[in-house]
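Hi,

Here is the structure I promised to hand over. Have a look at it first, and my notes on what turned up follow below.

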Amino acid sequence: MEDACAVGLSNNNVVSLLPRRTVTLEFRNITCSVNSFSLTKLKYEQKQILKGVDGCFKPGELTTICGPSGAGKTTLLNILAGYTTRGAAGEISVNGSCACASQSSGRGGARYIRQQDDLRAHLTVREAMSLAAALKLADFSAHEKKEKVHEVLSLLSLSGTYQTLCRDLSGGQKRRLAVALELLSDPSLMFLDEPTTGLDSSSSTSLISLLNGLARGGRTIVATIHQPSALLFEKIDSVYCLAQGRALYHGPRARLLPALTSAGLKCPPYHNPADFLMEVASGEYDVDLVKVAGVMKRYKPDQSEAFDPHSVPTIPALQHTKDIALELKSMPFISDSKHQQIYKKNMYRQSGLLRQTWILLYRNYLMTTRNYSLFMYRVAAHVVIALLFGYLYLGVGSEASSVLGNYVYLYGSMLLVVYTGKMSVTLSFPLEMDILRAEHFNRWYNLGPYIVSILAVELPFQMISCVSYVVLSYWLTDNPLEPTRATLFLATIVATSLCAQAWGYFIGSTTPTKIAVFLGPVLACLFSVFGFCLALSDTPKPFKWLHHVSYFRAGFHIAVHSVYGFNRTKMHCNKEYCHYRTPSKFLTEMDMEYIDVGGNMAVVLSTTVIMHVLTCIALWYRLNKR
Ligand SMILES: Nc1ncnc2c1ncn2[C@@H]1O[C@H](COP(=O)(O)OP(=O)(O)OP(=O)(O)O)[C@@H](O)[C@H]1O
C-alpha cells in the first residue's frame with residue numbers, strides 16, 4: 001500500500017499527499033459547434049469543432065490529449081473541465097453521476113491550469129503559496145498551513161525559490177508553481193492546457209514526471225500536449241488522440257503501436273510513436289481516419305502481450321475508507337482529529353467571506369507595495385498637471401475679467417479626473433480578468449470579497465490623486481478658499497472621478513481591451529458635451545435624457561456652482577469693464593443659475609453605485625456562464 005501511494009518524484013522526494021477521493025471521468029458523444037459570421041457570405045456559419053467524442057479518464061493515470069493543431073484539444077479539455085462550455089453538448093459523468101456537457105462548473109472539484117502563467121508577478125513564491133493556503137484551507141491551523149506549503153513546495157522542487165518573486169521564476173518553475181498552488185487543496189482531478197509549451201526538453205520532462213507522480217498518488221490528470229517527445233511520451237499512461245474533431249485513438253500508451261499496426265499502420269523502427277501518431281492524425285498517410293479509428297477501437301491485445309492494462313491505475317489503498325484514514329494518518333503534519341474532520345467533510349473548505357476579503361486585501365497591499373511606482377506615477381501625473389494648470393490659469397479664480405478662463409480650468413479639471421479615473425481601470429481590468437477567471441474557477445475565493453479588495457485599493461488611489469491635484473491647482477488659480485465652497489468643490493471632483501472609475505470598471509469587465517480603449521474616451525466625451533458646451537435649452541428633445549443622466553454634467557454644474565454660486569459677492573475687476581463682475585450673471589448666461597446641488601450629487605453617487613452593481617452582475621455572469 002505504501003508503494004502504491006508514494007511517488008518518487010526526485011530521488012529524495014516521496015509524496016504523501018493524497019487526494020481525498022478518486023475521480024473517474026467519462027464522457028459520451030461530446031460535440032461542440034461555434035457560429036461565426038462570414039463577411040463574404042453575409043451570414044452565420046456553423047463550425048463543428050468536436051464531432052461526437054467519447055472516452056474515460058481514470059484515477060491513477062496521466063492522460064495526454066494530443067493531436068495536430070486545430071484538432072480540438074483545448075476545446076475538449078475546456079469542456080471536460082467545465083471551464084468553457086459554450087456550444088458544447090453531450091454527457092459527462094463524474095464517478096457515475098451525469099451532467100450535461102454544456103454545464104459550466106468545476107467537475108468533480110476539477111482544477112484547471114491554463115497555458116498562460118496565472119501567477120501574481122509581484123508576490124514571492126512563499127507569499128503566493130501562503131496566501132493561497134490561507135484562502136483554501138480554512139480548517140487548517142496556521143502551523144498546518146505552513147507545513148503544507150512547505151511540503152508541496154519541496155515536492156515540486158521549489159523550496160529553493162521561497163523568496164523569489166513569481167515574475168523572476170523560470171518558465172518551468174512558473175508551471176510547477178501553478179501546479180503547487182492547486183495541489184494545496186489536494187484535487188482529485190486536474191486539467192492542464194499545454195503545460196510543456198515554451199519549456200525546454202529537460203523542464204518539460206521534469207514537469208511531466210511530476211504529473212506522472214501525482215497521478216500515481218490517485219489523481220486523474222489530463223494534459224493537452226501538442227506533440228510529445230519520445231522521452232515525454234514514455235511517462236504518459238494513457239493517450240487520447242484527436243484528429244479533425246474526432247477521437248483517433250484512446251487507450252493505454254503501451255497499446256498504441258499494436259493498435260496502429262492492427263489498422264495497417266506500422267511505426268518505422270526508431271521512430272517516436274507520438275510523432276508517428278501525429279503524422280497519421282495529420283493525414284500524412286492518406287488513410288481514412290474514421291476507419292482507422294474504428295479498427296483501433298476494436299483492437300484487442302493478445303493474452304500473450306506483456307502489457308497489463310490494470311498495472312498503471314492501481315490504487316488499492318484508496319478503495320477502502322480505513323486505508324485512506326491510515327494513509328492520511330501517515331501525513332506527519334495534521335493531527336488525527338483534523339484528519340477525521342477533513343475526511344468526514346471530504347473537502348477542504350474555502351475561508352469565510354470576511355476572511356477572504358481580509359486575505360485578498362492583504363494580497364493587494366503586498367502587490368501594491370512591490371509595485372508602488374505605478375501609484376507614484378499616478379499621483380505625480382496629477383501633481384504635474386496641477387502645477388501646469390496652476391501656472392497657465394494663475395489667479396483666474398478671483399478676477400472678474402478671467403471668469404471664462406476659470407470656467408475652462410474647471411472644465412479641464414473635470415475632464416482630467418474623469419479620464420484618469422476611468423482609463424486607469426478600463427485598460428488594466430481586462431488584463432486582470434484572466435487571472436480572476438482562473439482563480440475563481442479553481443475556487444480560491446468568491447466574487448464579492450475579490451471586488452471589495454480591488455476597490456479598497458483603487459478607490460483610495462484615485463482619491464489621493466484627485467486631492468493632490470485639487471489642493472494645488474485650486475490654490476494656484478486663486479479660487480475661493482471659503483471652507484464650504486472649497487470642500488464642496490473637492491468632494492465633487494473626487495465623487496465625479498470615482499463615478500468615472502465605476503464606468504471604467506464596467507467597460508473593462510464587459511468589453512475586450514481593444515474596444516474598451518476607444519469606448520471609454522468616447523463615452524467620457526459624449527457625457528462632457530452636456531455639461532460644458534450644450535445648455536439644456538439648446539439640447540434637442542430626443543437627447544435631453546442624456547443631459548439628465550450625465551454624471552459629468554452633474555459634477556461640472558456643482559463644481560461651477562461651488563465657485564460662482566451661493567450668492568458670491570461681486571468680484572474684483574482689473575479692467576475698465578468686466579462683463580461677469582457679478583457671478584450670478586455668469587451662472588444665468590451659462591444656464592446654471594438654478595442648480596440643485598443635492599440632486600446633481602445624487603446623480604453622480606447613484607451612477608457610481610449603479611455602475612458598480614452592473615459590474616458585479618457582468619462579472620458574475622462572465623465567471624459563471626462560460
Ligand atoms: N470561438 C471559436 N470560434 C471559431 N472557431 C473556433 C473557436 N474556438 C475554437 N475554434 C476553432 O476550433 C478548432 C479547434 O481549436 P482548439 O483550440 O481546440 O485546437 P487545438 O487542438 O487545441 O489547437 P492548438 O494545438 O493549435 O492549440 C480550431 O480550428 C479553432 O480555430
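Starting with the ligand: H2 gives the largest share of the shell around it, three residues. (Helices, H or I in DSSP, are runs of at least four residues and strands, E, of at least two, both numbered from the N terminus.) Strand S1 (25-38), strand S2 (43-57) and H2 each put at least two residues into that shell. There are 13 residues around the ligand, and Ser69, Gly70, Lys73, Thr74 and Thr75 come nearest; a residue is near if its C-beta atom, placed from the backbone, lies within 6 Å. By type, the shell residues split into three nonpolar, eight polar and two charged. Here Ala, Val, Leu, Ile, Met, Phe, Trp, Tyr, Cys and Pro count as nonpolar, Asp, Glu, Lys and Arg as charged, and the others, Gly among them, as polar.

Before you go further, two housekeeping points. This is a predicted model, with local features needing pLDDT of at least 70, side-chain atom pairs counting only at pLDDT 80 or more, and totals for chains, interfaces and linings using all residues. Residue numbers run from 1 along each chain as its sequence is written.

Now the sheets. S1 and S2 belong to an open sheet of four strands, ordered S2-S1-S4-S5 with antiparallel pairing; strands pair if DSSP finds at least two bridges between them. S2 and strand S5 (97-100) sit at the edges with a single partner strand each, so one side of each has no neighbour in the sheet. From one strand to the next, the twist averages 20°. S1 and S2 are joined by 12 bridges in the antiparallel sense, and Glu26 has Cys56 in S2 as its bridge partner. H2 lies across S1, S2 and strand S4 (88-94), at about 120° to S1. (Axes are lines fitted to C-alpha atoms, for helices over the stretch in contact, with angles from 0 to 180 degrees between N-to-C directions; contact means C-beta atoms, placed from the backbone, within 7 Å.)

H2 (residues 73-81) also lies across strand S3 (62-66), S6, S7, S8 and strand S9 (238-243), running at about 150° to S8. Those strands are part of an open sheet of six, in the order S6-S7-S8-S3-S9-S10, with mixed pairing. Its edge strands are S6 (111-113) and S10 (246-252), each pairing on one side only. The twist there averages 15° from one strand to the next. S7 (residues 189-192) and S8 (residues 220-224) pair in the parallel sense over four bridges, with Ala223 in S8 as the partner of Leu192. Helix H6 (residues 201-216) lies across S3 and S8, at about 155° to S8.

Zooming out, the protein has 22 helices and 10 strands. The domain assignment (bounds from an automatic or database source) gives domain 1 (13-110 + 191-201 + 220-308) and domain 2 (353-624). Their centres, taken over C-alpha atoms, are 52 Å apart. Of the 626 residues, 44% are buried, meaning 20 or more other C-beta atoms within 10 Å of the residue's own, all placed from the backbone (exposed is 12 or fewer, partly exposed in between).

Why does Gly555 count as buried? Because Gly555 has 28 C-beta neighbours inside 10 Å. Leaving out residues up to four places away in sequence, Gly555 touches Met414, Thr492, Ala495, Thr496 and Val604.

Cheers

Conventions. Contact = placed C-beta atoms within 7 Å.
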